Amino acid sequence: MMENLPGNFPFVAAVLLMGVALYILIFRRNLIKIVMGIAILSSSVNLFLVTLGYRAGGVAPIYTEAPEGPMVLPVVQALTLTNIVIAVATSALILSLVIRIYRHTGTLDSEKSRRMKG
Amino acid sequence: MATLIEHSSILIIAIPLLAAFLTPLIGMASKKARNVLVMASLAFVALLVFALARDVILNGIHVYTLGAASPGLTTPGGGVAPVRIILEVDAISIFMGITVALVSLVAAIYSLSAMKGETGQNRFYTLLLLMVGGIFGMVFTGDLFNLFVFLEITSISGAALIAFRTRSADSQEGGFKYIVVSAVASLMVLFAIGLLYAQYNSLNIGALAAAMQYTMLDKIALVILISAFAMKLGGVPMHMWLSDTYSVAPVSITVLLITASQASMYALTRTCFTLYGVTLDSAAVGWIIIAIGILSMFIGVTMAVRQTDITRLIAYNCVCESGFMLVGLGVGLAVLANPEALAAYGITAISGAIFHMINHALFEGLLFLAAGAIFYRIGTRDLNQMGGLGHTMKFTAILFLLGALASSGIPPFNGFASKILIYQSVYQFNPILTIIGILVSIITLAVFMKAFFAAFTGASLPQYKGTKEAPKTMIAAMTILAVIIIFFGLFPGLILDGIVRPAADALVDQSPYINAIMGAIP
Amino acid sequence: MTSIIESGYEFWNPIIWLIAFAVVMVIVYFFRRQGQEKYKKGEAQAQIFLCGEEVPEAEQRQVRGGNAYWGFFETLKEYYGGIIRPHTGIVNDYVIWFIAVMAVSAVVLFIVELAK
Amino acid sequence: MSKIVRTVANQLILFVLILGLYVIMHGHVTPGGGFQGGAIIASGTIMLIVAFGSGEIKKWLRERHLSVVESSGALLFSLLAFAGIGTVFFFNFLIGSRVFGGTPPTGPNPGDVWTGGVIPLMNLAVGLKVMAGLSGVVLALALFSSGEETDE
């Protein structure tokens, strides 16, 4: 376990990022910070996926001027790219909703701006 | 025709998406042409779904490989893992497809008059078609990552549609809550997919199921997947977003949101039964799902009783009805490893739960549409301000009552047919669950009697003297649902043997699903 | 017959239920025919009678939705007090519940694994 | 913003557009593609909005037009996918034809743009959609936060 630690640093970082994101989502009442929490959660998942795709000594699967060496199957990279696109759309939508909530209620606090409960 | 059926599984997903991108272009030229396009595309999709359903029930699993030289070529080179995007439609997928097709058509018909006079209708129909395409994608895909993508498409377009009425602060809040909850849930789903891919180097559900070892990482992935899908379908204690969003969305969208939740339930069953299947520690996972189900039933219905907002009341009732399905599926899952119990009552419990899915979408849809018709005419959802509406809105009242009776499980409507299946089979597993279920059903009736009497009966109030009956298109949409409800109620055996039993059989046996992808390799 | 469900104990046939329902309705109609024939619409006997008091306006005599089942809620006051407290409506709490369910399920699976 | 910033932005937007188009059109032989190129062009829009202010940009960049471009990009993509349905949906039917039909040699090669079949065309479609979509989103948010309502 310990001797592999340098190689596993990205996984540790991904888990730490996820912890940070969940901490923000749970304890931060500011709506903009909630959006940031989701973005960080998304980044942590992206980091996790990209790390999965790393193969020591592999080269990127681009044949244009390719160096010698085994090529990696870029499935996780494709997943990451898709997730980035989706995260952009999600953040844009949430931010526009946050702006509208602010217009209506005049606050960015998730407790004060809430109108429905029970 | 044979070619059309061969390609129908992708056409069912692609035609709504194509129509969605055409809608803004055509809508600039003519509103009428746009409405015709929306209706025609959804009707054509519904026809394709029925044609495909017949084919799937008769000829078995339908596989479609995107971009390959032929649709059935799932594993290029023979024997290696599938790499292309594969759609796989078996009996349970097509069952969900039928539900979505019926409900989306009704929702679109209802929107025609409900959205009249609102601004940004082009965007509304674009998002609606995107959402329909997304839900179809969720239930037809044979690939975990595509499941995630379609889940996100559904939730993003759904959130934009919930917040469609920009002038209402509640709608904005509902949309915000929906998208936050969905984003967290689907990102966790992606994390779980990453865990699975890391071990088995595949994203295809069939290939993963064939290689499944049920290691520690698989368990973590299973827990994440179950919690995330349970959150998306509104299982207690993760149901609180559901009442906030269902009650504020335009009602035609709420009806689609119900099917989106059903699609999440489909994903949950697909995960438990097909992806993990026999490797699963079925009793423990089954009891987790049963626990969520029982909590949903009880807390959902008791919260529904005290609501005074009519759509919020129905939304809590949705939570309660999902509980019934979860209990049925959980009992089926708990006895999955035990062939005798499975044959004796497990398969019946699963059939009841699956039958309840389509019934749930139909009668809750009817209730929401009727509540939406009231809102359209009198401009409030508060039961404390309603009264005596039955004098002027006779059809709406009758249709609401019909939906309420079906939801409470009163014979001879369809809700009774599916609930009795769940009661009888679950009783053999654990009688206490059935007793709770019957109690919950009784309170459900009380819930709807409160709503019905507060809204429709009593002397006609002076402020609603001039209220007119709901527009004809709305009545037509509700009547379609009501006719299907009565038909399902009067001929439950037909539906059960026709589409529900094959779906239940497809769930409990994962090998045909795997073999359709991996070929003859066991 | 297409309308039969075989489910362990019983069968369910809506057609038979409808026939029974129709028979009962006929009997009910028969008994109803035996009643008073003097009832006429539009006379004083069709009016609301409230012990001779003046009948309030429609606005006042409507039983509102919020007033229904008062006794039910009064009896279950403690249950409802406990059940409403978690329904805060704050989006952060929704995430907490999600993580809680995830954690509890993971613990359950882990304990089951240990018990084996 | 100051005159210097505006002038520089005015000159720089040309290069941003060229880079974006380059990334879009070489998506099938080098890293990049429709989304990345579209995002680069949209970043150019952001630069203009920052330099000139959203009110100024709104005068000549209408949301309506952006939404037309966005829809046509998506439409082009789905039509290309539909066109393959003679064999299978998403089938690359342009391989071996006159349009982008070249077959690259196996193994490392200098990279020929005239290959890939429908993939460069799809990249173009995605690029159009992302460019218009992201620019529209940024513009709408900028207008939104500066207090102006958009027409939709």
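Analyst: A word on terms: helices are DSSP runs of H or I with at least four residues, strands are runs of E with at least two, and both are numbered from the N terminus. Please also keep in mind that this is a predicted model.

User: What about phi at D:Phe90?

Analyst: D:Phe90 is not a glycine, yet its phi is positive, at about 70°. This residue lies in the loop between helix 4 (63-83) and helix 5 (118-145) of chain D.

User: Why does D:Phe90 count as buried rather than exposed?

Analyst: D:Phe90 counts as buried because 22 other C-beta atoms lie within 10 Å, and the cut-off for buried is 20 or more.

User: Where does B:Asn201 sit, then?

Analyst: B:Asn201 is placed in the loop between helix 6 (169-200) and helix 7 (205-211) of chain B, and its phi, near 55°, is a positive value in a residue other than glycine. B:Asn201 has 14 C-beta neighbours inside 10 Å, so it counts as partly exposed.

User: Staying with chain B, which peptide bonds are cis?

Analyst: One cis peptide bond joins B:Val236 and B:Pro237, with omega about 5°, and B:Pro237 lies in the loop between helix 8 (216-233) and helix 9 (240-246) of chain B. The bond from B:Pro411 to B:Pro412 is also cis, with omega near 5°, and B:Pro412 is found in the loop between helix 14 (394-408) and helix 15 (414-429) of chain B.

User: Switching to the core, how many residues are in the largest nonpolar one?

Analyst: The largest nonpolar core has 298 residues, and those with the most contacts inside it are B:Val184, B:Leu366, B:Leu369 and B:Ile485. Helix 13 (residues 339-378) of chain B provides the largest share of this core, with 19 residues.

User: What is B:Ile485 in contact with, leaving aside its neighbours within four places in sequence?

Analyst: With those neighbours left aside, the contacts of B:Ile485 are B:Leu362, B:Phe363, B:Leu366, B:Leu402, B:Ala406, B:Phe413 and B:Asn414.

User: Now the interfaces: how many residues of chain C and chain B does their contact take?

Analyst: That contact takes 41 residues from chain C and 56 residues from chain B. Several elements of chain C give two or more residues to the side that touches chain B, among them strand 1 (5-7), strand 2 (10-12) and helix 1 (14-33), while the largest share of that side, 12 residues, comes from helix 5 of chain C. By class, the side of chain C that touches chain B has 27 nonpolar, 10 polar and 4 charged residues.

User: And what of chain A with chain B?

Analyst: There, 27 residues of chain A are in contact with 25 residues of chain B. Helix 2 (31-52) and helix 3 (75-105) of chain A each supply at least two residues of the side that touches chain B, and helix 3 gives the most, with 15 residues. By class, that side of chain A has 18 nonpolar, 6 polar and 3 charged residues.

Notes:
Residues are numbered from 1 along each chain as its sequence is written. Chains are lettered from A and ligands numbered from 1 in the order in which they are written. This is a predicted model: local features need pLDDT of at least 70, side-chain atom pairs count only at pLDDT 80 or more; totals for chains, interfaces and linings use all residues. Two residues are in contact if their C-beta atoms, placed from the backbone, lie within 7 Å. Ala, Val, Leu, Ile, Met, Phe, Trp, Tyr, Cys and Pro count as nonpolar, Asp, Glu, Lys and Arg as charged, and the others, Gly among them, as polar. A nonpolar core is a set of buried Ala, Val, Leu, Ile, Met, Phe, Trp, Tyr and Cys residues joined through C-beta atoms within 7 Å. A residue is buried if 20 or more other C-beta atoms lie within 10 Å of its own, exposed if 12 or fewer, and partly exposed in between; C-beta atoms are placed from the backbone.
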